[in-house]
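Please keep the sequence and the model in view while reading.

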Amino acid sequence: QRLTPNGFKWRQSVGGVFRLGTGTLPAPDDLTGLGTGDHTNAVEVRSYTDLLYGPHFWMSLVARYTMQMADQRVMRITDSPDQVFAAAYRQETVKRDLGDEFNLEITPRWSINDFVGLAGQYSYRRKFSDAYTGNFTVTNLAGQQVAIDAATLDLNTEAREHRLGLGATYSTLAAFEQGKTRVPVEITYFHTQTTLGSGGSVPKVTLDRVEVRWYWRVFGGR
C-alpha cells in the first residue's frame, strides 16, 4: 500500500530543538572581526506535514518557529545602521533579545515513475525585529555629555525573504522493495534562489545542492 498509494493520504510529525549559543561574536574592540554566530540560545519547534494523492502527487509542508532567548552583551551603540564604526566611548553592556524567526517550506513533488521524480519549492522566511535595551549618558571626544539609546540597534533588523526552487530525484527505493535491484539509493539535485526580499539586510542567495543517500539496514533483513 505504501508503494502504490491510492486516494488521499496524509501524515504528520512534530519536532523540537534546543540550540546552544556556542558561536562567537566579534569583539567590540575589533572593528573588522567576523564572528561565527550570534551566540544566543534558542528553542525551535517544527511541524512536518506530507499530503499524498494517488501514486504520483506528493506535497510536503514544513514549518519552523525559532524563539531566541534574551541575554546581555557588550556592544558599541551606533546612531543608525549606516554608521559602520562607532567610537569607543559608545561601548556599553546592553540587554539583547534577537528577533524570533518563522520559516515555511511548501514542496510539491510529482513521481513520473518508480525511479524519477520532479519537485518545486516555495519557501518564506520572516525574521522579526531585534530588541536592544539600555539608556546611557556618555562623554564624547569633545568632552560633552551625550545620551545614547541602545534601541537604535533595532533598526533594519526585521526582514522577509521569498525563495523558489526546482529539483529532480532518481531513486531505486521502490525497485528495491519489490526485489528488482540490490542497491537502495537516492540521487537528488536541487536549485533554489532568493526571488524577493524586504526589510533589513536580505542577501540574494543561490544554492545548488546534490544529495546522495544510500540506505543500509544495520541488523540485516529487507
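Strand 11 and strand 12 (residues 185-199) pair in the antiparallel sense over 13 bridges, where strands are DSSP runs (E, at least two residues; numbered from the N terminus) and two strands pair if DSSP finds at least two bridges between them. Within this pairing, Glu 161 stands opposite Gly 197 in strand 12. The model is predicted, so that local features need pLDDT of at least 70 and side-chain atom pairs count only at pLDDT 80 or more, while totals for chains, interfaces and linings use all residues. Residues are numbered from 1 along each chain as its sequence is written, and side-chain values use heavy atoms, with hydrogens and water left out.

- Eight strands make up an open sheet in the order 1-2-3-6-7-11-12-13, with antiparallel pairing.
- Strand 1 (8-19) and strand 13 (206-214) are at the edges with a single partner strand each, so one side of each has no neighbour in the sheet.
- Strand 7 (residues 116-127) runs antiparallel to strand 11 (residues 159-171), joined by 12 bridges, and Gly 120 stands opposite Leu 166 in strand 11.
- Strand 12 pairs with strand 13 over nine bridges, also in the antiparallel sense, and His 191 stands opposite Asp 208 in strand 13.

- Six bridges link strand 4 and strand 5 (residues 91-97) in the antiparallel sense, with Gln 72 opposite Lys 95 in strand 5.

Definitions and conventions: Helix = DSSP H or I, 4+ residues; strand = E, 2+ residues; numbered from the N terminus.
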